[in-house]
Amino acid sequence: MKTSIILLRCDFNNELYELTKAAVATLKADQQILIDNASTVGEIKDWADIYVKNKTNLGYPAAVNQGFKLSNGDIIFVANNDLLVSVNAIEITKNIFKDNPRVGMVHYRMLKYDEPDFYGLDTWINDKQRWAHASFYAIRKEAIPEGGYDETYAAGGFDDWDFQNCVRHINGWQMAYTNKAFFKHKDSSTYLALDKKEGGRSTRDLINREYFKHKFNEYPED
């Protein structure tokens, strides 16, 4: 099974440049795709097999969709730029997909950025939404809903809930969660930098929540 990694970058300071550099070092796949959403600090074109530099910040859904279109992997990993991933993540993911043909997405234990490494022994398969992290996950190429992410969502939350709802309940794929592999997340550093620059995430979240309700006739938490 061939693997692709889509790394999303949207940074506005030197700390996030260094975090991106660290993330690239831990993310090793057959194809490395870097979608740069109008970052302003440091050039990283040589860090990936395919590099896309957007002139403006198109937001998470549009950036992931760009990566989906460019990917040639059977398994696609989607990753934020403020994280570290365990060295066994690709191997563990391949085994889960191989052993469970109806699993469409795999999610992983999330640790704080400075926590010690933790390797568990378990994988669970069913539909618990709370397992589904947008910061880092893997998806089978054939499980991607038609059109990918809904780009109507304003920069903020619930676009990932929409996407996973389409994968599970509309297209009928199962979700897997494993603690055999993990990722470490730097406290939403990209969002904090974005809000400091543009502001208003809470307002965008309210708009997105109502759009989700309009689309699916229920709120995400329901």
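**Exercise 1: A charged pair between helices**

At 36% relative accessibility, lysine 215 counts as partly exposed, a class lying between buried (under 20% relative accessible area) and exposed (over 50%), computed with a 1.4 Å probe on protein chains only. The model is predicted: local features need pLDDT of at least 70 and side-chain atom pairs pLDDT 80 or more, whereas totals for chains, interfaces and linings use all residues. Residues are numbered from 1 along each chain as its sequence is written, and side-chain values use heavy atoms, with hydrogens and water left out.

Task: Determine with which side chain lysine 215 meets in a salt bridge, a side-chain nitrogen of Lys or Arg within 4 Å of a carboxyl oxygen of Asp or Glu.

Solution. 
1. The partner of lysine 215 is aspartate 162, at 2.9 Å from N to O.
2. Helices (H or I, at least four residues) and strands (E, at least two) are DSSP runs numbered from the N terminus.
3. Aspartate 162 is buried, its relative accessible area being 3%.

**Exercise 2: Two further salt bridges**

Task: State where the partners of the salt bridge between lysine 184 and aspartate 117 lie, and do likewise for arginine 209 and glutamate 221.

Solution. 
1. Between lysine 184 and aspartate 117, the closest N and O atoms are 2.7 Å apart.
2. Lysine 184 is in strand S9 (residues 174-185), while aspartate 117 is in the loop between strand S6 (103-112) and strand S7 (123-126); the pair therefore ties together parts 67 residues apart in sequence.
3. Lysine 184 is buried, at 9% relative accessible area.
4. Arginine 209 and glutamate 221 meet at 2.4 Å, N to O.
5. Arginine 209 lies in helix H6 and glutamate 221 in the segment after H6, so this pair ties together parts twelve residues apart in sequence.
6. Arginine 209 is partly exposed at 24% relative accessibility, as is glutamate 221 at 47%.
7. Salt bridges with shared partners join Asp150, Asp162 and Lys215 into one network.

**Exercise 3: The largest cavity**

Task: Identify which strand gives the most to the lining of the largest cavity.

Solution. 
1. The largest cavity holds about 60 Å³ of space. A cavity is a set of points on a 1 Å grid over the protein atoms alone where a 1.4 Å probe fits but cannot get out, and lining residues have an atom within 4 Å of a point. Grid points are joined across faces, edges and corners, and volume is the space filled by probe spheres set on the points.
2. Its lining includes Ile5, Gln32 and Trp47.
3. Strand S2 gives the most, with three residues.

Notes. 1 Å grid on protein atoms, 1.4 Å probe; cavity = no way out; pocket = protein on both sides within 12 Å on 5 of 7 lines; lining within 4 Å.
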